Amino acid sequence: MSNRVAVIGVGMTKFMRRAKEAPGELAAQAVRMALEDAGLSIDDIDAVTLGTAPDAFDGVHMKGEHLIAGAGGANKPYMRHFIGGATGVMSPIHGWMHVASGKYNSCMVVAEEKMSPCTPHPAGAFITIFDRVTEQPLELTLIHIFALEMARFMHVYGYSERDLAEISAMIKRNALNHPAAQIAVDITADDVLNSPVLSSPVKRLDISPTSDAAVAIIMVNERIARTLKKAPVFIEGVGFRLETAYWCARDLCYPDYVAMAARDAYKMAGVVDPARDIDFFEPYDPFDYKALHHLNALLLDKSGRTVKDLFESGNLHRDGSHPLCPSGGALGVGNPIAATGLMKIAELYFQLSGQAGKRQLQRRLRRGVAQAWGDLMQAGTVVVMGSDGASPVTKSRWNDMKPEDLPGTPIKSVDDVPNISDAPDLRYAWDNGFAISTYLDGLKKGKIRGSFDSRTNRMMVPARPFSEIADLAPVTNYFNIPDTGVVKTFTISHVNWDSSPLPKGKVNIFAVIALDGIVEDMGLVHKLGDIDPKKVKIGMRVKAVWKSESKRTGDILDIKYFAPLGRKKAKLNIEQIKPVEVDVLSMSQKLGKIPLSYRYTAGVGGSKFYTDLANGEINGTYCAERDEVMIPPAMFDEESFTMLDPEKDARTINPGSGYIRSFTVVCEDRQGDLLDKKKVLVQVEFPDVAGSIFGLLQLKDDDVFEEGSAVKLVKPKKIDGPDKVVFKLK
Amino acid sequence: MGVALLGMGICGFTPTSTSLSYREMIAKAAKMAYRDAGVTIDLIDGAVSAEEDFPSGYSIADEYVPDQLGMVRKPVYTIPGDFMHAVASAAMQIETGRYDILVVESYSKASNMLTKDEMIRFAYDPIYNRFGLSPHWLAGLELNSFLSESGFTIDDVAEVVVKNRAAAIADTKSPYGDTFSIEDIINARPVAQPLTELMFAQHADGAIIAVLGTDEAARKYARKPAYFAGIGWGSGNSILERRDHSLSAGTAIAAERAYEESGIKAPQEEIDAYFVSDAYAHRQLMHLEALGLNGSPGLVVNPNGGALGGGDLFEATGGARLYEALSQLRGEAGACQVEAERVLVHAWRGVPTDSCAVAILDSERRIS
């Protein structure tokens, strides 16, 4: 059976709207701090696991690979794990697996998110989380799906916008004493209600801010934990569950998948009645309603009565019977997705070991639960931690931690520091396959098509070729179904997919529509039109308005929108059809792209490098632990994990003293097209310096070079990235 | 350790796969894997997928994992690593004693990604390493470093391609089997000299599923399981300026652990066949060096043709090697069959990484 696993140290940066540090530097600061907190060195760490949410935020493909050195994973067993927004609480679960399996004695668990490089706004990264064929053309983004869920939650459980505004204000106030907090403010429900409506019912202050930050925790087995001075806090239970990606196929009001994950964790922890056995709750709260939505599931109460009673009796406050997000949550501390989840785990550790300072809950705490959520209203991760009767720590730096004690350099604008811009050209042509080709063929003919799963008695829309919930049983019967249905939830949006405002007076109304003739809750997401936004109601009947036949292309936008059916009668015919034949014409692809661009801060090391480069200079950074000068300039040494200051520890390197360590002659450009003129890329080393610099070699026609040839740096005229790092032969 | 490979399934392994959506392709491979492992969906505790976001074209690829595996509402997560990293994670999960049977999934729809070079370039550090050049530049530079440090010649590198692509002719799932000479490889169109376009794997589409479980589950359900004797993984430095480009530190770290768990002292004597990442031909040689097989004669390496013969399947690539290894241990490798009771499967994540995984598999559980 599993080894018991304890958390024995925490590190974190400030949570910032925009950090000067590069992603790896953010992670390194958190890791260094966790090592100090636990009294360990990087050599004591057996393995490293890292959680970070979409690559689209930081703007690096295979972001986990990019973060290895910063996470302390260089030359170690290192693995990244990922469940979208639920990643941060998967992080300690994956760390738990490393140790509970007996594979490793210790594991560094790191969560990093740098959302600020994504322009014009990180929210834009979410346009491509939706199904690319059936949903993306509608230009939905995350705020829309949250708004649809929030409206449904309010409708079913009877919460008002003011109720939820009070939750937002309460959690943000909790953050006033969190040293990492990005936007801790003492606001009232009125402030939330009066903030601009972005996509009804969501207002600006219902939402957590986007953030840059990193958090690290160290997990060890019980044997090691008992030898350390600090009181360990043990992982008592873990659970994680993933729902179907067909998010329109289920009622969004209650997250069953979170409840299932919680049940798994409770079973392992021996929790019988969570409302009785758990002392405080850190559910994921990217939006205020989410804290309650998740708490319903964490208390395993689909009726919602327990949470409603606790809310109405004021018992969700920090001095109440069931404190909700005493950390200050994503709403107050900030929401650097994966790092938020791990911040909540850190809060469990702080509270249960008496290190929460002014946030310390004033009663004996035995057990807390943290939860994260993510993907398409779909993923739940849950961790229960317990104090195991250990006496609270009385002396801890965390008890007195002030914001200025935490690492991290907030900046106002990316233009305040050296920076690099880039826009990847990521284009696709997706194979639709048989079922979706049949579905799109229907749209072209002005029909909505489903397929019938006889095992579960469900008409499925969009048509699918197998039953995802009945053993992948084949589904072969396809039908044209009515294009009428009922609005299950809706939002009136004032923003585009990239968070930019719609023109004044214009709104988009998105709705989930349960189509007639299929099981309730099952339907599709689309726009509403031909209606006064004020008159839209949950439960209203609507009908598809199609483009004219000549303009239809076999696309979800062949339906212009759904309009009120009024008193007209719906035709409820369901007719079986012959699906498309498989041939190269019917199996056409759908074109798509990821439409993002990025502005990266050069980071602390990179700022030094580019500032020097502009002057035709090179500085290394002296690392006392190695007794070596390192290039490029570094904020940390990835081997000893000592922190460095590229300014104070700068050592001048003669830019004319380089020699070619290795090289390649490149014949293709970044797209793979042939270059008119081949380019030579060189790795240049300098005498008595650890590391190297990559750059292009400027050559005259008669120049000859080889490994070892002496080169010197060329002072660039303009600097906009690595292509301006140029050497020439001496 | 007591983790076994109960069975596997595949679908695709073609340069394009127009008639199947990724969902349809994965569902087909999953049904094959479950049948092969002798399990029904209700017996499976959860799934681990090996996927990155951009190859799939989704910002959160993890969302689209559970449905086509029949794993809706089960414990599922993604490892953005090679298939073999996900296998390692699933094995750890089983070793906690709380899960008995897990599925590992990965797929490639490389043919749907129209700007692959641009995407791989996007994996480089934007501040120091993201040049306006082919992302193969690092492989070209690595090749030069390797040749000057290791004693291998460019002919040795070309010979890897000649051998692997020839071996793939007999492999039923490999699309790139063919007959080349060493000169063909060296004189092919240059990409990042001395690297030519025949020195790295072409992409292919395909889905791969593995079913892992406890030894008890293997004995109870599986027709012909294989047994993991050891699994390790490791990463070299991600800061390219301070990485030694003539060797694979990630492989050495992974191998050390896998050998230790398996009790292997002299791999060349104890392991019968090696399934090693050859996404770039020089990397096969570099990986064998890091596996401690320096100069060992007569090694059986990539008898089914490796990725050069079978295609680069992005994150699924290591899964193809595992599939080949399983078929060899079972004696079901057809014209590619070699004698093997203990094999090594190695995976590497491609440029710009040095992240690798190593697993040792046996045809029977050995009591150490």
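1. In chain A, A:Lys712 stands opposite A:Lys728, a residue of strand 34. The coordinates discussed here belong to a predicted model.

2. A:Leu697 is placed opposite A:Phe727 of strand 34 of chain A.

3. As to the overall make-up of chain A, the secondary structure amounts to 16 helices and 34 strands. The C-alpha trace of chain A spans about 85 × 70 × 50 Å along its principal axes.

4. Of the 730 residues in chain A, 61% are buried. Among contacts in chain A with a separation of 6 or more, 74% are between residues 24 or more positions apart.

5. How do helix 6 and helix 11 of chain A pack, and at what angle? Helix 6 (residues 161–174) and helix 11 (residues 288–298) of chain A meet at about 95 degrees, and their axes are 7 Å apart. Helix 6 of chain A is therefore roughly perpendicular to helix 11 of chain A. Helix 6 of chain A contributes A:Leu164, A:Ile167, A:Ser168 and A:Ile171 to the contact, while helix 11 of chain A contributes A:Asp288, A:Tyr289, A:Ala291 and A:Leu292. Sorted by class, this contact comprises six nonpolar residues, one polar and one charged.

6. Chain B contains an open sheet of nine strands with mixed pairing, in the order 3-2-4-7-1-8-11-10-9. The edges are formed by strand 3 (76–79) and strand 9 (273–275) of chain B; each has a single partner strand, so one side of each lacks a neighbour in the sheet. On average, and with direction ignored, neighbouring strands of this sheet are turned by 25 degrees against each other.

7. Within chain B, strand 8 (residues 226–235) and strand 11 (residues 355–362) pair in the antiparallel sense through eight bridges. B:Gly230 has B:Ile360, in strand 11 of chain B, as its bridge partner. Helix 9 (residues 249–262) of chain B packs on the sheet and touches strand 8, strand 10 (342–348) and strand 11 of chain B. The direction of helix 9 makes about 150 degrees with that of strand 8 of chain B.

How values were computed:
Residues are numbered from 1 along each chain as its sequence is written. Chains are lettered from A and ligands numbered from 1 in the order in which they are written. This is a predicted model: local features need pLDDT of at least 70, side-chain atom pairs count only at pLDDT 80 or more; totals for chains, interfaces and linings use all residues. Helices (H or I, at least four residues) and strands (E, at least two) are DSSP runs, numbered from the N terminus. A residue is buried if 20 or more other C-beta atoms lie within 10 Å of its own, exposed if 12 or fewer, and partly exposed in between; C-beta atoms are placed from the backbone. Two residues are in contact if their C-beta atoms, placed from the backbone, lie within 7 Å. Axes are lines fitted to C-alpha atoms, for helices over the stretch in contact, and angles run from 0 to 180 degrees between N-to-C directions. Angles under 35 degrees count as roughly parallel, over 145 as roughly antiparallel, 65 to 115 as roughly perpendicular and the rest as oblique. Ala, Val, Leu, Ile, Met, Phe, Trp, Tyr, Cys and Pro count as nonpolar, Asp, Glu, Lys and Arg as charged, and the others, Gly among them, as polar. Two strands pair if DSSP finds at least two bridges between them.
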